[in-house]
Amino acid sequence: MAAGLPTWIDHFPGNFMWSNATLVTKGMAPYGAVALGEIDKVCERLRGRQHEPHAWWEEWGALGERLEKAADAAETRGSLASAGNLFLRAGMYYFTAERFIVPGAKKREMGRKAIECQTKGILRRYPNVERVEVPYEGKALPALFMKVPGVTVRAPAMVAFDGLDNCKEMSVLFNGLEFAARGWHTLAIDGPGQGESLRLRDIKTRHDYEAAGTAAYEWIAARAEVDPKRVAVMGYSFGGYYAPRIVAFEKRYCACVAFGAMHWSMEAWVDGIRRAVRADAKTSAQSHFQVPWAFGARDLDAAVEMAKRFNLAGVAGRIECPLLVVHGENDRIVPLDSAKKLYEAAGSKRKHLKVFTAAEGAAEHCQVDNRQLGVDYIADWLRENAFGT
C-alpha cells in the first residue's frame, strides 16, 4: 500500500481516536453485526470531515437511521429474519455514533436507539437469547442470557462484563456464539458504568466491582440450566480490571479471564488520557468525557483522583482461582507491561499469560484486529482449566 493511504487497522492515519473507534466497529463484522462495505462508505465521507465536531455522529447516525427504516419495512412485510439483520446493524452503527457525543439528551437518545435496535436484532436472530434483569442493590443490571440450544443437563456458564466502550449486545455475540457452540451458557451483562446501565439507568462504575460480580453469580447460579460450580467470569478491556477484582473477593467463580489486562495504575492511565486530549485529542483512543461520564466525575481532573481507588496492587494476590490474562503485543491503549504485572502479582496457582504477536495476528487491544483468535484461545483454555468439557 502506498505511503499515506489508510490501512485496515488505522483507517484515519494520524487520528487514533477515530481509527480505534472504526476498528472496534469493523471487529463486529464476523458476527453479522456490521457490513464492511457500509463502514467503508461512511469512512470515505468522514475522511474529509475530521475537523467537523458533529461529523462522526451525523454520518454513523444517518446510516443507522437508514437501516432502521429498512428493518421496519422488512418486518411489516413479514420478513422477520431479514429485519433482524438490519436492526442489528442499525443498532451497532447507532452505538458507534453515540461514542463521541457529549453526555446529555442527544447522547441518551442515540444510546437508546442503539440498544433498542441491537436488542431487536439479537432476539430475532437468536431465539436462544433472553433479555434479563439481574438484581443489584435495590436496582437491576440489564443482561442478555445466551443459552446452549438443546442442552438438558446443567452446563458451564461464563459471566462476561464489558469494557469502557463496548456493551452486552456486542459481547453476547463475540463471546456467546463461540461458547454456545462449545456447550456453555453466557450471561453478557452491562455492569455499573457500562452499556445500558450507564446510558439509560445512570449507574456509574465503582472500584469495588465484586458487588456487581456477586450479583451476577447469584443470578446465574440459580438458573436450572447452569452448573453453579462451573461458572467463570471474564472482563473485556476495562473489564480486565473488573474481573480480577471480582474473583479476588467473590470466591464462587471457578475461573477468571482478563480479556485484555487493564492498566496496573488506573490513575496513570486516566492521567494519560488527560494529557493526550489536552495536547492533541486525536492521539487518544478516548474522548475527554468518556471516563468522567462512566466514573460520575465532573471532568478528567476529578476522574484522575477517583481512579486512585481502581488499583489491583494488594488485591491481585488474593486471586485463588485459575486465571488467564490475554493481551496483544501491539496494544496501544494498555501497554503489555500491565498484563505482565497482573500475571506476576496474581495469587493463583494456575495462571497463564497469553500474548498475541504481530506475526500470528490479534496483536491489537483485546484482539480487535482478529477477535476470533482471542476467543478461541480463551475457550480452549477454559475447557482445559475450568469447564472440563
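Two strands are taken as paired if DSSP finds at least two bridges between them, and helices (H or I, at least four residues) and strands (E, at least two) are DSSP runs numbered from the N terminus. The model is predicted, so that local features need pLDDT of at least 70 and side-chain atom pairs count only at pLDDT 80 or more, while totals for chains, interfaces and linings use all residues. Residues are numbered from 1 along each chain as its sequence is written, and side-chain values use heavy atoms, with hydrogens and water left out.

An open sheet of eight strands is present, in the order β1-β2-β4-β3-β5-β6-β7-β8 and with mixed pairing. The edges are formed by β1 (129-136) and β8 (351-356); each has a single partner strand, so one side of each is left without a neighbour in the sheet. From one strand to the next the twist averages 20 degrees, with axes taken as lines fitted to C-alpha atoms (for helices over the stretch in contact) and angles running from 0 to 180 degrees between N-to-C directions.

Strand β7 (residues 323-328) pairs with β8 in the parallel sense over six bridges. Within this pair, H327 has V355 of β8 as its bridge partner. The chain passes from β7 to β8 by way of helix α14 (residues 336-345), in a right-handed β-α-β crossover. A crossover is called right-handed if, with the strands pointing away from the viewer, the path from the first strand over the helix to the second runs clockwise.

Strand β5 (residues 226-236) is mostly covered, with nine of its eleven residues buried. Here buried means under 20% relative accessible area, exposed means over 50%, and partly exposed lies in between (1.4 Å probe, protein chains only). Six bridges link β5 to strand β3 (residues 155-161), and the two run parallel; F161 stands opposite G235 of β5. Strand β6 (residues 255-259) is also parallel to β5 and is joined to it by five bridges. V233 stands opposite C256 in β6, and the bridge partner of Y236 in β6 is F259. Between β5 and β6 the chain runs through helix α10 (residues 239-249), and this β-α-β crossover is right-handed.

Phi of A362 is near 65 degrees, a positive value in a residue other than glycine, and A362 is buried, with a relative accessible area of 0%. C366 lies in the loop between β8 and α15 as well. Its phi is near 55 degrees, again positive in a residue other than glycine, and at 1% relative accessibility C366 counts as buried.

Grid points are joined across faces, edges and corners, and a volume is the space filled by probe spheres set on the points. The largest pocket holds about 440 Å³ of space. Its lining comprises 20 residues, of which M17, W18, P53, F100 and F289 are the closest to its centre. Helices α1 (16-26) and α3 (55-77) each supply at least two residues of this lining. The second largest pocket has a volume of about 150 Å³, and helix α11 (residues 266-280) gives the most to its lining, with four residues.

The structure holds three cavities of 30 Å³ or more. The largest cavity contains about 180 Å³ of space and is lined by 15 residues, of which D165, Y236, S237, I333 and H365 lie nearest its centre. About 90 Å³ lies in the second largest cavity, whose lining residues include A21, M92, D165 and R199. The largest share of that lining, four residues, comes from α4; α1 and α4 (80-98) each supply at least two residues.

Conventions:
On a 1 Å grid over the protein atoms alone, a cavity is a set of points where a 1.4 Å probe fits but cannot get out, and a pocket is an open set with protein on both sides within 12 Å along at least five of seven lines; lining residues have an atom within 4 Å of a point.
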